[in-house]
Amino acid sequence: MSIFGSFSFIRLLKSLHGWLGFFVLPWIIVFGLTGIYLNHSKLILGYLPAGNYNEAKFDDWPKTNLDEAAAKSIAVAVFPGDTLKKDKSTSYHGRDTVRFDGTDGQVIIALETGHYWVKTRYVRRTFDPDGRQLDTKLYWGSLFKRLHRTGWFDSTLGTWLADITAGAMVIFGLSGIILFLTPRLRRRKNRRAQVKVARTNVPRPQRI
């Protein structure tokens, strides 16, 4: 018996196809949407919220002219207990700054006024010198690229999730092709058999 005609095999394949579709569907949607972003980033970003705080308002504040020690105390307050390392960069958005890098993120302090930015992988938050949050900006591009490449928000799982999903999608596609072709091949085979039987049963003319 052909494997494509085996009822138990087809039933198993249908179950496999259905469950793969159920579990892989969320990542199919994620890869599809992030793929659209990669091809049309400007269009997609135009529909997403973005930080729009006018940083020129910093200049309305009194000039404090912080030194490096005062700037570091702000960074320590943001990431207490983290190991902070001073970055070589000395400007940000056209302002003199000092920047500290930690394991949890980055703090950039505007020396003239004491405003500061806290940056993590996908978010940048802007604060005034009193610690009040003024703005939040999401780095949509970084988030979408990460999701498209790994299927997750960070590198904790490496590319395993994306690799498993890709493999499951291949099996899902192949099983779908088999399920699509099997009944059609069976019907074609049955029609051929019927035609053959019909030809066999046609009475031959008798010789006189």
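1. A salt bridge here requires a side-chain nitrogen of Lys or Arg within 4 Å of a carboxyl oxygen of Asp or Glu, and the model to which this cut-off is applied is a predicted one. With that in mind, consider Asp135, which is found in strand β7, residues 133–138. Asp135 is buried yet has no salt bridge, and the nearest side chain of opposite charge, Arg124, is 4.2 Å away. Leaving aside neighbours within four places in sequence, the residues in contact with Asp135 are Gly51, Asn52, Tyr53, Arg124, Arg125 and Thr126.

2. How many salt bridges does a search of the whole structure find? The search finds four. One of these joins the side chains of Asp59 and Arg95, at 3.1 Å from N to O. Because Asp59 lies in the loop between α2 (41–45) and α3 while Arg95 lies in strand β3 (residues 95–101), this pair ties together parts that are 36 residues apart in sequence. Asp59 is partly exposed, with a relative accessible area of 38%, whereas Arg95, at 14% relative accessibility, counts as buried.

3. Asp128, Asp130 and Arg132 deserve a point of their own, as they are linked in a network of salt bridges. The side chain of Arg132 meets that of Asp128 at 3.0 Å, N to O, and the side chain of Arg132 also meets that of Asp130, at 3.3 Å, N to O.

4. On the aromatic residues, the structure holds nine aromatic pairs. In one of them, Trp19 with Phe22, the ring centres are 6.0 Å apart and the planes stand at 85 degrees, so the pair is edge-to-face. Trp19 and Phe22 are separated by about one helical turn, because they are three residues apart in helix α1. Trp19 counts as exposed at 54% relative accessibility, and Phe22 is exposed too, with a relative accessible area of 55%. In the pair of Tyr53 and Phe58, the ring centres are 6.1 Å apart and the planes are at 40 degrees, so this pair is tilted. Tyr53 is partly exposed, with a relative accessible area of 22%, while Phe58 counts as buried at 0% relative accessibility. Both rings belong to one aromatic cluster, formed by Tyr53, Phe58, Tyr92 and Trp117.

5. Which residues make the nonpolar surface patch of about 520 Å²? The patch is made by Leu25, Ile28, Ile29, Leu33, Ile36 and Met169, and its largest share, five residues, comes from helix α1, residues 7–39. Ile29, which is found in helix α1, is partly exposed, with a relative accessible area of 45%.

6. Finally, Leu84 lies in the loop between α3 (68–78) and β1 (85–86), and it is buried, with a relative accessible area of 14%. Apart from neighbours within four places in sequence, Leu84 is in contact with Ala75, Val76, Phe79, Phe100, Asp101 and Gly102. Leu84 and Ile177, for their part, are 93 residues apart in sequence and 55 Å apart in space, C-alpha to C-alpha.

Terms used. Residues are numbered from 1 along each chain as its sequence is written. This is a predicted model: local features need pLDDT of at least 70, side-chain atom pairs count only at pLDDT 80 or more; totals for chains, interfaces and linings use all residues. Side-chain values use heavy atoms; hydrogens and water are left out. Helices (H or I, at least four residues) and strands (E, at least two) are DSSP runs, numbered from the N terminus. Buried means under 20% relative accessible area, exposed over 50%, partly exposed in between (1.4 Å probe, protein chains only). Lys and Arg count as positive and Asp and Glu as negative; His and the chain ends are not counted. Contact means heavy atoms within 4.5 Å. Patches are made of residues with over 30% relative accessible area and no salt bridge: like charges are joined within 9 Å, nonpolar side chains (Val, Leu, Ile, Met, Phe, Trp, Tyr) within 5 Å. Accessible areas come from the Shrake-Rupley method with a 1.4 Å probe; for residues, only the protein chains shown count as cover. Rings of Phe, Tyr and Trp (its six-membered ring) pair if their centres lie within 6.5 Å; planes under 30 degrees apart count as stacked, over 60 as edge-to-face and the rest as tilted.
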